[in-house]
Amino acid sequence: MTPSDYRPGVVGEIVRLHAEYYAREWGFGLPLEAKVASELSAFLAGFRERQDFFRAERDSAGALLGTISLEAPGGGEALAHLRWFITSDAARGSGLGRRLLAEAVRHSDAAGFPGIYLTTFAGLASARHLYEDCGFRLVSEANVDQWSGGVREQRFERPRAPAVPAM
């Protein structure tokens, strides 16, 4: 089953957003592009309805403005994995990223996942601020560089919000 926001070509559009932004701003190249393409394709091909989460926001002309995904816990990982979160240059600073992140967090909490983690790298100050505003905290840093861009990897986690008792 595919997510409702899927449409033919979305994988390429998401890969392009990542490849162009990270090449321009960080000098990343083919290793990042190949990683995003292969892992995103596998995620969408194995999408689990009501567990995984995928959102691709478009403008009125159909251009991709931003995207976010959440893989349900599995494979030995207790937390859901936030991935492929990016906004286009046109949407950056519009609040779209904050809204997409809030939707993914709501999905995780409603599904009862124990929490969410994401991996990123040091130097993305605006993204870090957004993550921290949504309850994520830096839990580790390492000299691992899964993006092949000469960066320091960071792991952020957000525990599930406590349930509010019914009145």
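Leaving aside its neighbours within four places in sequence, with which residues is Phe113 in contact? The structure examined here is a predicted model, in which local features need pLDDT of at least 70 and side-chain atom pairs count only at pLDDT 80 or more, while totals for chains, interfaces and linings use all residues. Residues are numbered from 1 along each chain as its sequence is written, and side-chain values use heavy atoms, with hydrogens and water left out.

Phe113 is found in the loop between α3 and β4 (115–121). Helices (H or I, at least four residues) and strands (E, at least two) are DSSP runs, numbered from the N terminus. With neighbours within four places in sequence set aside, Phe113 is in contact with Gln51, Leu70, Ala72, Pro73, Ala80, His107, Ser108 and Arg160; contact means heavy atoms within 4.5 Å. The relative accessible area of Phe113 is 9%, so this residue is buried. Buried means under 20% relative accessible area, exposed over 50%, and partly exposed in between (1.4 Å probe, protein chains only). A separation of 29 Å lies between the C-alpha atoms of Phe113 and Glu13, which are 100 residues apart along the chain.

Two helix pairs were examined next. Two packed helices are described by the angle between their axes and the distance between the axes. Axes are lines fitted to C-alpha atoms, for helices over the stretch in contact, and angles run from 0 to 180 degrees between N-to-C directions. Helix α1 (residues 10–26) packs against helix α2 (residues 30–45) at an angle of about 150°, and their axes are 9 Å apart. The helices α1 and α2 are therefore roughly antiparallel to each other. Angles under 35 degrees count as roughly parallel, over 145 as roughly antiparallel, 65 to 115 as roughly perpendicular and the rest as oblique. The crossing of α1 and α2 is right-handed; a crossing is left-handed if the near helix is turned anticlockwise from the far one by less than a right angle, and right-handed if clockwise. On the α1 side, the contact involves Val10, Val11, Ile14, Val15, His18, Ala19 and Tyr22, which meet Leu32, Glu33, Val36, Ala37, Leu40, Ser41 and Leu44 in α2. By class, the residues of this contact comprise 11 nonpolar, 2 polar and 1 charged. Ala, Val, Leu, Ile, Met, Phe, Trp, Tyr, Cys and Pro count as nonpolar, Asp, Glu, Lys and Arg as charged, and the others, Gly among them, as polar.

Val36, a residue of helix α2, is buried, with a relative accessible area of 7%. Apart from neighbours within four places in sequence, Val36 is in contact with Val15, His18, Ser41 and Trp84. Trp84 is placed in strand β3 and is likewise buried, at a relative accessible area of 7%. Most residues other than glycine have a negative phi. The phi of Trp84, however, is positive, near 50°. Arg50, in the loop between α2 and β1 (53–58), also has a positive phi, of about 70°, although it is not a glycine. Arg50 counts as exposed, at 71% relative accessibility.

In the second pair, helix α3 (residues 96–111) and helix α4 (residues 125–133) pack at an angle of about 40°, with their axes 11 Å apart. The relation of α3 to α4 is thus oblique, and their crossing is right-handed. Gly97, Arg98 and Leu101 in α3 meet His129, Leu130, Tyr131 and Asp133 in α4. This contact has 3 nonpolar, 2 polar and 2 charged residues.

Side chains of opposite charge can pair when their charged atoms come close. A salt bridge is a side-chain nitrogen of Lys or Arg within 4 Å of a carboxyl oxygen of Asp or Glu, and the whole structure contains 19 salt bridges. In one of these, Arg83 pairs with Glu71, and the closest N and O atoms are 3.0 Å apart. Arg83 belongs to strand β3 (residues 80–87) and Glu71 to strand β2 (residues 64–71), so the pair links distant parts of the chain, 12 residues apart. Arg83 counts as buried at 16% relative accessibility, whereas Glu71 is partly exposed at 21%. Arg155 and Glu77 also form a salt bridge (3.3 Å, N to O). Because Arg155 lies in strand β6 (residues 153–159) and Glu77 in the loop between β2 and β3, the pair ties together parts that are 78 residues apart in sequence. Arg155 is buried, at 19% relative accessibility, and Glu77 is partly exposed, at 24%.
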